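Student: Please take a close look at one part of this model with me. Define each term as you go.

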Amino acid sequence: MVLLRSGTRRGADRPRRAARAIVHYTGGMNPELLALLRCPRCRGRLELAPEGDAALRCVGCSASFPVADGVPRLAGEAYVASFGRQWNRYDVARDEEDEAVFRAKTGVDPRGLSGRLVLDAGCGGGRYARLLGGFGARVVGVDLSDAVDKAARLTAEFPDVAIIQADLLDLPLVDSAFDLVFSIGVLHHSPDPRLAFSQVARRVKPGGRLAVWLYRRNTPPQEWLNSAIRTVTTRTPPGVLEPLGAGLGVLGSVPVLNRTLNKVFNFSNHPDWTLRVCDNFDWYAPAYQSHHTLPELRRWFEEEGFTDLVELRPQKAGRLYDWAYDRDLIIGSGVNVAGTRAGA
């Protein structure tokens, strides 16, 4: 099943990009994308509503769903409003870094995905959807927050990237369709990460690959302190929490402290100021945040029928870092597994 036209690469002709942008923001729906979507209420097929009505209508239950700025809105923000706030405010796409992170956290070379159908499960502001679109992949990016608005703008130049607003707990997409499905740092913000994992896993076609990155469970003292701090921060108004995140961004630039104190409580020491602030807000604002172990994540893959499992180690390495990582001491680090769906 194809999503849109054959892929384009960075540097493709500008008129074609401009035409795509017009379609993207006038509510135009490509029929091949439409074939991938399902009604979140009854799983029926969706079709375009009568001309002049920017909406999708279910042929089964007649439910109607708006299409705004070229994005089908199949769910509301619910518990993830903080993500829309930060991704729409900040520009976090960094081509070189995004490629390196994608390669490390999926085990896949993005340059080899031209023409492949890929699901970005929890696309946020669209940084990875944009990356893959630039290499000719056919991408569906799904997110529950209104960060889809940023993702749609960021990917508008790529005709083979489509963004939808939907809930990973009830994905309105056909099963067994995608060559690659990945979810980087998203499922642990769901009220039911295991259910979200199952929903994502079902969209991988037999022989396709799934890669998932989740927050790692740290030592008991670190977990207790983090829970106590987040009890306060998740109840703090965003207008107050954002300056605190910026303050932690300053702390993240202080030598020595930014590599020692952040093992006690989490704050980002990323070299980029904007990404430090976003990382801090991303950690302390969301209503849900779960932490997981490597055996737990591997078990999820096995229960969903995946084989050839591989643990993906972090980009960063070194004797001291590896020692701390393997002992669950690095707050904000992850457990990362990829596997192949059986049955090809």
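Tutor: Two strands pair if DSSP finds at least two bridges between them. Strands here are DSSP runs of E with at least two residues, while helices are runs of H or I with at least four, and both are numbered from the N terminus. The model is predicted, so local features need pLDDT of at least 70 and side-chain atom pairs count only at pLDDT 80 or more, while totals for chains, interfaces and linings use all residues. Residues are numbered from 1 along each chain as its sequence is written, and side-chain values use heavy atoms, with hydrogens and water left out.

Start with the sheet of four strands. Its order is β1-β2-β3-β4. The sheet is open, and its pairing is antiparallel. β1 (46-48) and β4 (71-72) stand at the edges with a single partner strand each, so one side of each has no neighbour in the sheet.

Now look at the pairs one by one. β1 runs antiparallel to β2 (residues 55-58), and three bridges join them. Find L46: its bridge partner in β2 is C58. Then find L48, whose partner in β2 is L56. β2 also pairs with β3 (residues 64-68), again in the antiparallel sense and over three bridges. Here A55 has P66 in β3 as its bridge partner. β2 and β3 form a hairpin, and five residues lie between them. In that turn, S62 has a positive phi of about 65°.

R43 sits in the loop between α2 (31-34) and β1. Phi of R43 is positive, about 70°, although R43 is not a glycine. R43 counts as partly exposed, at 32% relative accessibility. The cut-offs are these: buried is under 20% relative accessible area, exposed is over 50%, and partly exposed is in between (1.4 Å probe, protein chains only).

Step back to the whole chain for a moment. The protein chain has 13 helices and eleven strands. Of its 344 residues, 54% count as buried. A contact means heavy atoms within 4.5 Å. Take the contacts between residues at least 6 apart in sequence: 70% of them join residues at least 24 apart.

Next, the other sheet. Seven strands form an open sheet with mixed pairing, in the order β7-β6-β5-β8-β9-β11-β10. β7 (161-165) and β10 are its edge strands, each with a single partner, so one side of each is left without a neighbour in the sheet. On average, neighbouring strands here are turned by 15° against each other, direction ignored. Such angles run from 0 to 180 degrees between N-to-C directions, and axes are lines fitted to C-alpha atoms, for helices over the stretch in contact. F306 stands opposite R341 in β11.

A helix lies on this sheet. α7 lies across β5, β8, β9, β10 and β11, and runs at about 150° to β9. α7 (residues 193-201) is mostly covered, with seven of its nine residues buried. Among the buried ones are P193, F197 and V200. Their cover includes β5 (117-121), β8 (178-184), β9 (204-215), α12, β10 (306-311) and β11 (334-341).

Follow α12 next. This helix spans residues 294-303 and holds P295. P295 is exposed, with a relative accessible area of 55%. The C-alpha atoms of P295 and V335 are 9.2 Å apart, though 40 residues separate the two along the chain.

D328 lies in the loop between α13 (319-326) and β11. Like any residue in this note, look it up by number: D328 is not a glycine, yet its phi is positive, near 60°. At 26% relative accessibility, D328 is partly exposed.
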